[in-house]
Amino acid sequence: MFILAVEDEPAMAELLDSALSDEGHQVSVATDGTQALGMAGANTFDLIVLDLMLPRMDGFAVARELRRRGIQTPVLVLTARDANADIVRALDSGADDYLTKPFSLEVFLARVRAVSRRGPIPQPVFLRVSDLTLDTSTREVSRAGKHVCLTPREYSVLELLMRHRGRVVSRSTIVEAVWGFDTDIEENTLDAYVRLLRNKIELPGAPRLIRTVRGIGYSLSEESS
Ligand code: CA
């Protein structure tokens with residue numbers, strides 16, 4: 001794997017580098033938060049090992065900024081702090097796992113293996129139908145270049161329809177995907193959400209994108225009218 005180790009203490013950085021290299025990984029080292037962000041933006045890593053207390057920009061801010069930029073590389077946080085609040089804050093900032101210093105190398109390498117087993121990182125997807133665009137990494141939607149503000153449920157309905165553009169998506173498929181199997185939503189709840197969604201994304205005078213297929217479901221395509 002290609003691993004970015006972010007650590008400002010030279011002895012610790014050297015230890016991480018040699019332990020990971022011995023396991024056959026390609027290791028790059030960053031010694032502060034700003035450098036780490038630059039390297040993570042310019043290269044694709046399979047894993048980022050991130051110390052929390054760093055010069056210039058701390059690990060919390062680095063993790064948050066990585067996620068904000070849509071970089072989904074797994075992050076394993078190393079922290080000298082064992083306060084629960086710091087661990088919670090690190091995980092909430094976008095870290096996937098953590099290890100409290102001092103740690104045994106064996107445990108560290110096992111965590112690295114565990115994080116890497118979680119499989120391929122989902123790549124952000126940019127969807128476009130006519131002049132309607134949706135960015136799954138930032139969850140931003142725009143129509144004709146203008147930002148559209150959607151609630152989480154409206155966004156989920158729209159993403160599903162855009163992923164299946166040109167095809168009819170059944171009512172039950174939408175309800176299961178957006179509300180889950182267990183929910184018992186009213187028959188007309190979905191219609192109400194679609195109506196709200198249409199009000200936000202349809203432009204007066206422009207062809208309608210979302211088409212109702214009576215008794216079956218909805219479809220989204222450029223050809224709709
Ligand atoms: Ca440090």
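Author: The protein is divided into domain 1 (2-118) and domain 2 (126-220), bounds that come from an automatic or database domain assignment, and 37 Å separate the centres of the two domains, taken over C-alpha atoms. The model is a predicted one, in which local features need pLDDT of at least 70 and side-chain atom pairs count only at pLDDT 80 or more, while totals for chains, interfaces and linings use all residues. Residues are numbered from 1 along each chain as its sequence is written, and side-chain values use heavy atoms, with hydrogens and water left out.

A nonpolar core is here a set of buried Ala, Val, Leu, Ile, Met, Phe, Trp, Tyr and Cys residues joined through side-chain atoms within 4.5 Å, where buried means under 20% relative accessible area, exposed over 50% and partly exposed in between (1.4 Å probe, protein chains only). The largest such core has 26 residues, of which Leu158, Ile174 and Leu220 touch the most other members. At least two residues each are supplied by strand S6 (126-129), strand S7 (132-135), helix H6 (152-163), helix H7 (171-179), helix H8 (189-201) and strand S12 (217-220); helices (H or I, at least four residues) and strands (E, at least two) are DSSP runs, numbered from the N terminus. H6 gives the largest share of this core, six residues. Leaving aside residues up to four places away in sequence, Ile174 touches Val157, Leu160, Leu161, Val169, Trp179, Leu190 and Tyr218, contact meaning heavy atoms within 4.5 Å. Apart from this core lies another, of 20 residues, among them Val6, Leu50, Leu54 and Val62.
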